[in-house]
Amino acid sequence: MIRDRGNIKWKTSLMLPETVSQLKDYFLKEYYEVEEPFPDEQQLEEMNELILEAMEIAVPLNFSVFQNGNLSEIKGMVHYMDETARKLRIIDDDGELHNLSLVPGTVA
C-alpha cells in the first residue's frame with residue numbers, strides 16, 4: 001500500500017502557521033488572481049469609435065468590467081456617454097442601468 005501524504009508533504013514539522021498562510025496567499029495571488037488590464041491610447045481610441053458607432057445605430061455591446069479583482073460581463077446598449085467625466089451609462093437586457101468609468105483604476 002502506498003502512503004502518499006498529498007498536500008501535507010511540502011509542510012515540514014518546523015513550518016510556522018504564519019509561513020503556511022503566507023505561502024497559500026502567495027500561490028493564490030500568483031496563479032488565480034487576474035491583473036487589471038490597462039489599455040493604451042490607441043486601444044482607447046478604437047473603443048471610443050466602436051462605442052460611438054454602437055450608439056448611433058443602437059447595437060448592444062458586450063463589456064468586460066474589472067471590479068475588485070474579478071472580471072464580469074455586461075451586455076447592453078450604451079444610453080449616454082459623458083466625455084468630460086469619461087463615464088458610460090449602459091442599459092442591460094433586463095433594463096438595469098450600469099455606470100462604467102472609462103478611466104482605468106477608478107470605480108464609477
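How many residues lie between β3 and β4 in their hairpin, and which residue in the turn has a positive phi? Four residues separate the two strands, and G95 is the turn residue with a positive phi, of about 90 degrees. The structure is a predicted model, in which local features need pLDDT of at least 70 and side-chain atom pairs count only at pLDDT 80 or more, while totals for chains, interfaces and linings use all residues. Residues are numbered from 1 along each chain as its sequence is written, and side-chain values use heavy atoms, with hydrogens and water left out.

The protein chain contains two helices and four strands, arranged along the sequence in the pattern α-α-β-β-β-β. Helices (H or I, at least four residues) and strands (E, at least two) are DSSP runs, numbered from the N terminus. Confidence is expressed as pLDDT, the predictor's confidence in each residue, from 0 to 100. The mean pLDDT of the protein chain is 79, with 76% of its residues at 70 or more. Of the 108 residues, 15% count as buried, where buried means under 20% relative accessible area, exposed over 50%, and partly exposed in between (1.4 Å probe, protein chains only). Among contacts in the protein chain with a separation of 6 or more, 25% come from residues 24 or more positions apart; a contact means heavy atoms within 4.5 Å.

The hairpin of β2 and β3 has four residues between its strands. R86 lies in this loop, and its phi is near 55 degrees, a positive value in a residue other than glycine. With a relative accessible area of 36%, R86 is partly exposed. A positive phi near 55 degrees is also found at A58, likewise a residue other than glycine. A58 is located in the loop between α2 (41-57) and β1 and is partly exposed, at 46% relative accessible area.

In a regular strand the side chains alternate between the two faces of the sheet. In β3, the covered face consists of L88, I90 and D92, and the uncovered face of K87, R89 and I91. R89 counts as partly exposed because its relative accessibility is 37%. Not counting residues up to four places away in sequence, R89 touches M77, V78, H79, Y80, L97, H98 and N99. The C-alpha atom of R89 is separated by 9.1 Å from that of S101, which lies 12 residues apart from R89 along the chain.

On the covered face of β3, D92 is buried yet has no salt bridge, defined as a side-chain nitrogen of Lys or Arg within 4 Å of a carboxyl oxygen of Asp or Glu. K75 is the nearest side chain of opposite charge to D92, at 12 Å; Lys and Arg count as positive and Asp and Glu as negative, whereas His and the chain ends are not counted. The side chain of D92 instead makes a polar contact of 3.1 Å with the side chain of H98. A polar contact is a pair of N or O atoms within 3.5 Å; within protein, one must be able to donate a hydrogen and the other to accept it, and residues adjacent in sequence count only if both atoms are side-chain atoms. Beyond four places in sequence, D92 touches K75, G76 and H98.

H98, located in β4, is buried because its relative accessible area is 19%. With residues up to four places away in sequence left out, H98 touches I74, L88, R89, I90 and D92.

Note on methods. Pairing = 2+ DSSP bridges.
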